[in-house]
There are 2 protein chains.
Amino acid sequence: MIQVQAQETDLQGAFRALSDPSRRQILLHLSRREMTIGEVAAHFQMTRAAVKKHLTVLEEGRLISVHVRGRERVNRIEPAGLAPVADWLAYFDRFWDQRLDALKDAVETDPR
Amino acid sequence: MIQVQAQETDLQGAFRALSDPSRRQILLHLSRREMTIGEVAAHFQMTRAAVKKHLTVLEEGRLISVHVRGRERVNRIEPAGLAPVADWLAYFDRFWDQRLDALKDAVETDPR
DNA sequence: TTGACATGATACCTTTTGGTATTATAAAAA
DNA sequence: TTTTTATAATACCAAAAGGTATCATGTCAA
């Protein structure tokens, strides 16, 4: 039960983090290389403070990890954090398939 | 360019719709069978009006379609609407793999 | 040590969001 | 036709979200 709740939390945190375009953009940047807050902010027009807030949300969603290096904070993507989201989506694959199967059946048994 | 924008719109609409737990729950209900607003609302404590707002957001994200049947409105899941989200996630699969490959290499070339 | 610099922390503002309550419509049923 | 009933539409509210500005802090470098 505790695990279930933790999973739901991860799921919500991840979905929440992904719901903002700027945060998805940040993830794409970080997929190229890990970056400090300043480096990430250089790609946007908003202030460093705003970028930092987005990074916090991404960290809460476990989509990135933050590593202190001297006075810098290096942000690194954590692809594993996307797993709960991918898993949730996977549930609906069967409806995809189901619909495709129904279509296939309809074609094969078409009485024309 | 128009297509790109349309895709981005779809992506944002879908991610937006999925960011709320109630809306994800609604999708799960609708994956069992199509339902009217009232039927969906019966599964929740919030008012019909609130459920209807959620359904509107889901429709805007193209995750459901709505079909008028007399004075009822039947809500049907549209699994295809999840495709943009799945595609977006798929981009990160390579980083997943990359990291696994790096781990594999590290193990295989371990000088111990 | 001192100054520059990367970041943290707060406070504040505006817009969006998730929700309720209320009233209006339109279709189905009595 | 009258009355339910399923939904639409609107107004409203509190909280959250996304953003800025400002000031504090800790670290690097001269």
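By class, the residues that make up the surface near DNA strand D are 4 nonpolar, 5 polar and 9 charged. Before I go on, please keep in mind that this is a predicted model.

Two of them go to phosphate. An N or O atom in the side chain of Thr47(A) sits 2.8 Å from a phosphate oxygen of DNA strand D. For the side chain of Asp20(A), the distance from an N or O atom to a phosphate oxygen of DNA strand D is 3.4 Å. One goes to a base: the side chain of Arg71(B) has an N or O atom 2.8 Å from a base oxygen of DNA strand D. As for secondary structure, two or more residues of the surface near DNA strand D come from each of helix H4 (48-60) of chain A, helix H3 (37-41) of chain B and strand S3 (72-77) of chain B. H4(A) has the largest share, with 4 residues.

Now strand C. Here 18 residues surround the DNA strand, and the closest are Gly38(A), Arg73(A), Thr47(B), Lys53(B) and His54(B). Sugar and phosphate make up 75% of the atoms of DNA strand C that come within 4 Å of the protein. The surface near DNA strand C divides into 4 nonpolar, 5 polar and 9 charged residues.

Which elements supply that surface near DNA strand C? At least two residues each come from helix H3 (37-41) and strand S3 (72-77) of chain A and from helix H4 (48-60) of chain B. The largest share, 4 residues, is from H4(B).

Lys53(B) has a polar side-chain atom 2.2 Å from a base oxygen of DNA strand C. Arg71(A) also reaches a base oxygen of DNA strand C with a polar side-chain atom, at 3.2 Å. With Ile37(A) the contact is through the backbone, where a polar atom is 3.5 Å from a phosphate oxygen of DNA strand C.

Next, the two protein chains.

Last, the largest pocket. About 350 Å³ of space lies in it. Its lining has 19 residues, and those closest to its centre are Ala86(A), Ala86(B), Leu89(B), Ala90(B) and Asp93(B). Both chains take part: helix H5 (83-90) and helix H6 (93-108) of chain A, and helix H5 (83-90) and helix H6 (93-108) of chain B, each supply at least two residues of the lining. By class, the lining of the largest pocket has 17 nonpolar residues, no polar ones and 2 charged ones.

That is all I have.

Methods. Residues are numbered from 1 along each chain as its sequence is written. Chains are lettered from A and ligands numbered from 1 in the order in which they are written. This is a predicted model: local features need pLDDT of at least 70, side-chain atom pairs count only at pLDDT 80 or more; totals for chains, interfaces and linings use all residues. Side-chain values use heavy atoms; hydrogens and water are left out. A residue is near a molecule or strand if one of its heavy atoms lies within 4 Å of it. A polar contact is a pair of N or O atoms within 3.5 Å; within protein, one must be able to donate a hydrogen and the other to accept it, and residues adjacent in sequence count only if both atoms are side-chain atoms. Ala, Val, Leu, Ile, Met, Phe, Trp, Tyr, Cys and Pro count as nonpolar, Asp, Glu, Lys and Arg as charged, and the others, Gly among them, as polar. On a 1 Å grid over the protein atoms alone, a cavity is a set of points where a 1.4 Å probe fits but cannot get out, and a pocket is an open set with protein on both sides within 12 Å along at least five of seven lines; lining residues have an atom within 4 Å of a point. Grid points are joined across faces, edges and corners, and a volume is the space filled by probe spheres set on the points.
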